[in-house]
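Subject: Structure for your review

Dear colleague,

A written account of the findings comes after it.

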Amino acid sequence: MPEPFKLILKNLDEPGFTPDIGCYQRHGGYEALKRALAMPARDLPDGKKLSPQEALREDVKASGLRGRGGAGFSAGLKWSFVDRRSGKPIYLICNADESEPGTFKDRQILHKDPHQLIEGMILSCWANDVKLAYIYIRGEMPVAAKLLNQALKEARAAGFLGKNILGTGYDLEIHVHRGAGAYICGEETGLIESLEGKRAYPRIKPPYFPAVLGLYMCPTIVNNVETLCHVKHIVLMGPTEYAKLGTPNNTGTRIVSLSGDVQKPGYYEIQVGRVTLGELIFDPNFGGGLKPGRTLKAIIPGGSSSKVLKAGEVFKLNRKGADGQMAKVDVSLLDLPYDFDSLQQAGTMSGSSAVIVLDDSRSMVQTLGNLSEFYAHESCGQCTPCREGALWLSKATHRLSHGEGRKADADYLTHIAQNIQGRTICAFGEAAAWPVLSFVKKFRDEFEAQGAADEAAHAKSQGTSSPKSSDPRSAAGSLQTH
Amino acid sequence: MSFSVPASLEAELDELTTHYPVKRSASLMFLHALQEHFGYISKDAVEWTARKLGLQPINVYELVTFYPMFRQEPLGKTHIKVCRTLSCSLAGSAELRERFCTRLGLDPHAHAAQTTPDGQFTVEFVECLASCGTAPVVLVNEDLHHKVGTAEADAILKQGQKA
Ligand SMILES: Cc1cc2nc3c(=O)[nH]c(=O)nc-3n(C[C@H](O)[C@H](O)[C@H](O)COP(=O)(O)O)c2cc1C
Ligand code: SF4
Ligand code: FES
């Protein structure tokens with residue numbers, strides 16, 4: 001039977017575990033920091049020497065750790081892109097904006113085990129010669145912000161933060177910075193603008209890659225809360241042992257946020273790729289199955305921005321056969337290992353590892369309507385395709401779920417979404433378009449039936465059989481006056 | 001009424017400013033603190049912040065209009081934020097918000113934030129509060145309430161009457 005695997009979540013739900021530093025240290029807290037800071041330089045086989053900081057950077061690379069915030073990019077590689085020759089200060093920002101719908105994992109760490117994050121951050125800062133770092137926490141988490149400030153104070157008093165940390169001569173300050181309710185602050189360059197005291201308008205890349213031109217135009221590392229926590233465990237376990245957790249290229253553990261139509265919604269830590277989507281939903285150790293009498297309709301596998309998967313889908317995955325050759329193998333939806341690569345091969349993504357389950361009682365039209373309203377509300381408004389398109393998508397899905405749809409709306413929605421993706425400054429454009437493209441493609445009959453029914457009802461009440469124009473352009477025009 | 005920031009709050013904000021190599025970075029934290037103290041962000045608060053941070057008032061005002069958490073008018077003493085987004089919606093958050101509105105004599109169909117005439121309550125729909133596993137969730141001032149059913153909703157209102 002598949003089991004949860006508690007690495008990051010090891011302590012935080014234990015009875016009697018409290019967020020203060022005393023409790024954290026009684027559970028081995030800050031031992032990784034002490035160990036890392038006392039590490040000698042490392043001799044390489046070719047006679048070269050790695051400074052202890054360089055050695056930790058190499059270890060993070062070797063551990064295979066991939067970002068837990070959304071894109072799943074190699075943490076070690078990201079760190080290696082940092083411009084270390086510019087002479088400018090290097091900043092590190094912890095992305096604690098957690099606002100991708102469906103995601104509630106970072107909240108657990110921030111509220112119950114803030115020192116784990118702080119220790120991971122200090123290690124990451126030390127490895128990257130960072131002297132000043134920020135935790136950007138979403139505005140709607142005021143309690144967590146206070147807990148973090150308290151934890152930072154404790155860490156300072158204990159000599160883990162501030163000047164001359166543990167007598168090594170290394171100085172570091174970490175401050176908490178609060179957002180104020182905008183989803184786009186989770187996008188790393190929007191976050192940086194927001195931290196500079198501006199509207200969170202994402203920056204265009206190139207040239208504004210944070211590793212080179214980030215906060216105050218200085219090299220900057222942005223990592224998710226959970227990613228930074230893993231650094232502590234890489235130090236404690238060593239990269240080789242750490243990489244044995246999970247599966248090749250998908251190492252370590254991951255906290256899955258499970259919500260929607262399951263018996264036991266919640267956050268479950270798993271070894272990446274060692275538990276399937278089906279097990280996450282049906283196993284008594286995880287979701288515990290659907291509500292009585294219900295059948296599965298769809299799964300949103302990686303936060304609201306990921307493409308939806310339909311019950312019964314079968315995917316072609318690359319698998320290594322017994323002969324060591326790669327071959328395409330059929331894998332059905334519920335047998336998909338929950339990891340970065342399998343979900344990508346299934347045409348979607350594990351994103352922020354938020355799984356939202358929909359059963360047969362749900363209307364896909366209404367569901368998409370809910371999501372599209374989110375994106376319409378959250379577009380920062382810089383790019384025309386996103387600002388206007390996200391609103392049109394929301395209006396069209398809204399009318400479809402309020403008895404005013406048209407049969408052509410399925411095409412109309414697809415048409416708009418296709419004109420957003422790939423044409424915007426940041427990945428929010430894709431985030432708004434992907435749910436629409438996948439919902440309409442996979443549940444087209446539902447969208448068309450709804451539109452046709454609305455048209456028929458409308459024609460009947462008008463006493464005419466000619467429905468409104470279905471030309472997308474005129475439809476867009478009429479939407480604006482809606 | 002003249003605008004005045006208490007010395008202790010000003011000292012706190014001056015300390016906050018030292019957290020950043022560039023003063024402008026402190027603007028969001030200033031606005032949070034001023035909103036907490038005064039209940040909303042007035043024109044005076046915008047100008048005061050701009051003066052303190054060496055900015056033009058527009059640099060601060062554009063933040064107030066961009067970030068949904070900032071308010072330009074006073075809100076109810078009990079601020080009820082009901083999560084609108086998918087997982088909470090599946091768990092009945094639309095009905096929940098309607099219940100709050102109906103009980104408080106507010107328009108259950110209006111979408112924007114609404115405040116009761118006596119200034120006791122504001123009810124608002126907000127986007128995902130990052131607690132989807134305990135849907136539907138409601139943020140009441142700073143406290144998050146989980147799996148809010150009708151009994152708990154009524155308890156929140158009862159508590160708010162006393163505020
Ligand atoms: C629209 C949008 C919203 C995002 N929201 C978040 C978020 O709330 N939290 C987060 O950690 N990353 C978020 N990301 C991803 C960040 O841009 C960034 O990739 C991540 O913080 C990097 O950390 P990681 O490499 O440790 O995953 C978002 C990205 C986009 C495009
Ligand atoms: S894609 Fe949307 S959210 Fe991103 S910068 Fe453009 S308008 Fe803003
Ligand atoms: S959908 Fe309501 S908390 Fe996430």
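The notes that follow go through the findings by topic.

Please bear in mind throughout that this is a predicted model.

Ligand 1

The shell around ligand 1 holds 18 residues, and those that come nearest are A:G69, A:K78, A:N95, A:N224 and A:T227. By class, the shell divides into 9 polar, 6 charged and 3 nonpolar residues. Strand 6 of chain A, residues 220-224, supplies the largest share of this shell, with 3 residues.

Several polar contacts of ligand 1 involve the protein backbone. A polar backbone atom of A:G69 lies 2.7 Å from an oxygen atom of the ligand. An oxygen atom of ligand 1 is also 3.3 Å from a backbone N or O atom of A:S99. At A:G186, a backbone N or O atom is found 3.2 Å from a nitrogen atom of ligand 1. Taken alone, the ligand exposes 610 Å², of which the protein buries 89%.

Helix 3 of chain A

Helix 3 of chain A runs over residues 52-63, which makes 12 residues. From its first C-alpha to its last the helix reaches 16 Å, close to the 16 Å expected at 1.5 Å a residue. After helix 3 comes A:G64, which has a positive phi, near 80°.

Backbone features in the loops

Two cis peptide bonds deserve a look. In chain A, the bond from A:P206 to A:P207 is cis, with omega near 10°. A:P207 belongs to the loop between helix 8 (188-195) and helix 9 (210-213) of that chain. In chain B, B:A135 and B:P136 are joined by a cis peptide bond with omega about -5°. The position of B:P136 is in the loop between strand 3 (121-126) and strand 4 (138-140) of chain B.

That loop between strand 3 and strand 4 of chain B also contains B:A130. Although B:A130 is not a glycine, its phi is positive, at about 60°. B:A130 has a relative accessible area of 0% and therefore counts as buried, the cut-off being under 20%.

A residue of chain A shows a positive phi as well: A:Y30, not a glycine, has a phi of about 70°. A:Y30 sits in the loop between helix 1 (21-26) and helix 2 (31-37) of chain A. Is A:Y30 buried or exposed? With a relative accessible area of 0%, A:Y30 is buried.

A:L371 and its surroundings

A:L371 is part of helix 14 of chain A, residues 364-378. Its relative accessibility is 1%, so A:L371 counts as buried. Which residues does A:L371 touch, leaving out those up to four places away in sequence? They are A:I300, A:S304, A:P435, A:F439 and, from chain B, B:L86. A:D283 lies 88 residues from A:L371 along the chain, and the C-alpha atoms of these two residues are separated by 28 Å.

With kind regards

Conventions: Residues numbered from 1 in each chain as written. Chains lettered and ligands numbered in written order. Predicted model: local features only at pLDDT ≥ 70, side-chain atom pairs only at ≥ 80, totals over all residues. Heavy atoms only, no water. Helix = DSSP H or I, 4+ residues; strand = E, 2+ residues; numbered from the N terminus. Expected span 1.5 Å × (residues − 1). Near = heavy atom within 4 Å. Polar contact = N/O pair within 3.5 Å; in protein donor to acceptor, adjacent residues only side chain to side chain. Areas by Shrake-Rupley, 256 points an atom, 1.4 Å probe, with all protein chains shown as cover. Nonpolar A, V, L, I, M, F, W, Y, C, P; charged D, E, K, R; others polar. Buried < 20%, exposed > 50% of the residue type's maximum accessible area, 1.4 Å probe, protein only. Contact = heavy atoms within 4.5 Å.
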